[in-house]
Amino acid sequence: MKILFKNFKLKILALLCAVLFWVFIVGIQNSFYKFPSEISVQPFNLATGLSVVNELGVGQLTLNISQEDSRNLTAKDFTAYVDLQGMGVGESNADILVTSKNPNVTILKTDPDQIKVAIEEVDTKKIPLKHSLKGDPKEGYEVGEVKMIQDEIEVTGAKSVTQKAIEGVVTFSLDGTEIGDILKKGSIKIVDIEGEEIQNLQVEQGDIEAEIEIRQISESKVVGITPSLIGTLADGWV
């Protein structure tokens, strides 16, 4: 017993030093880290027949993680969401929750940590489709007729959002190698009366197909024109 309490103060001091050293080492290995990529916030547990009006935006994360683990992190390692269970039509604040697929990550802070969510009843609307071309066909060829497999599409979303939808623009990309009649798939963008893209709308299908006529440009040549005069003018005229 005497041996245990011999130099007791020194032993306590040594123990405290060891604890402080351990905390220091852990602090070096795991440090605060502001994740550079923003994480998109998604709705979760939204009741059937309801839709979110506003975009939920993105969140910035502050993490506790080792330097080695931080090198391998990507935005796909995180899921940011708002739990809308029990929420009905109207506006309310919801906490932004984040989960990580990496067990070595501790999420310390989400900025912002709350967001205002506006909820309305779901509405559907049919809107016309028009095509847009990006790029050109092979040199010496031009685009002729474009026939899309459908001329309208149904969109679904909050009523105040669907009312703004005027038309869907389907963009078909040409890479400069196309000749003859081709079949292309184009991506849809829903726009308002100003031509601005509308978010938070769902469409009944993904890409739209179209038959595009790629025809050869007729050969042409620029030639000069020389007038030829027949007859004579009346006296006094030149």
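Thr110 is buried, at a relative accessible area of 12% (buried: under 20% relative accessible area; exposed: over 50%; partly exposed: in between; 1.4 Å probe, protein chains only). This residue belongs to strand β7, residues 106-111. Helices (H or I, at least four residues) and strands (E, at least two) are DSSP runs, numbered from the N terminus. Beyond residues up to four places away in sequence, Thr110 touches Gln60, Leu61, Ile96 and Val98, a contact being heavy atoms within 4.5 Å.

The model is predicted: local features need pLDDT of at least 70, side-chain atom pairs count only at pLDDT 80 or more, and totals for chains, interfaces and linings use all residues. Residues are numbered from 1 along each chain as its sequence is written, and side-chain values use heavy atoms, with hydrogens and water left out. The mean pLDDT of the chain is 85, and 86% of the residues score at least 70. pLDDT is the predictor's confidence in each residue, from 0 to 100.

Strand β5 runs antiparallel to β6 (residues 90-100), with five bridges between them. Two strands pair if DSSP finds at least two bridges between them. Val82 has Ile96 of β6 as its bridge partner. Ile96 is also one of the residues touched by Thr110.

Asp77 lies in the loop between α3 (67-70) and β5. Asp77 is buried yet has no salt bridge (a side-chain nitrogen of Lys or Arg within 4 Å of a carboxyl oxygen of Asp or Glu). The nearest side chain of opposite charge is Lys101, 6.0 Å away; Lys and Arg count as positive, Asp and Glu as negative, while His and the chain ends are not counted. The Asp77 side chain does reach the backbone nitrogen of Thr74, at 2.9 Å. Leaving out residues up to four places away in sequence, Asp77 touches Asn72, Thr99, Ser100 and Lys101.

The whole structure holds four salt bridges. One of them joins Lys126 and Glu152, at 3.9 Å from N to O. This pair links distant parts of the chain, 26 residues apart: Lys126 is in β8 and Glu152 in β10 (residues 152-158). Lys126 is exposed, with a relative accessible area of 55%. Glu152 is partly exposed, at 37%. Another salt bridge joins Lys130 and Glu167, at 3.4 Å. It too links distant parts, with Lys130 in β8 and Glu167 in β11 (residues 167-173), 37 residues apart. Both ends are partly exposed: Lys130 at 42%, Glu167 at 22%. Glu178 and Lys184 also form a salt bridge, at 3.3 Å. Glu178 is buried, with a relative accessible area of 6%.

Leu201 sits in the loop between β12 (180-191) and β13 (202-203). Leu201 counts as buried because its relative accessibility is 18%. Its contacts, not counting residues up to four places away in sequence, are Thr156, Gly157, Val161, Thr162, Ala165 and Ile190. The C-alpha atoms of Leu201 and Val161 are 7.5 Å apart, across 40 residues of chain.

Conventions: A polar contact is a pair of N or O atoms within 3.5 Å; within protein, one must be able to donate a hydrogen and the other to accept it, and residues adjacent in sequence count only if both atoms are side-chain atoms.
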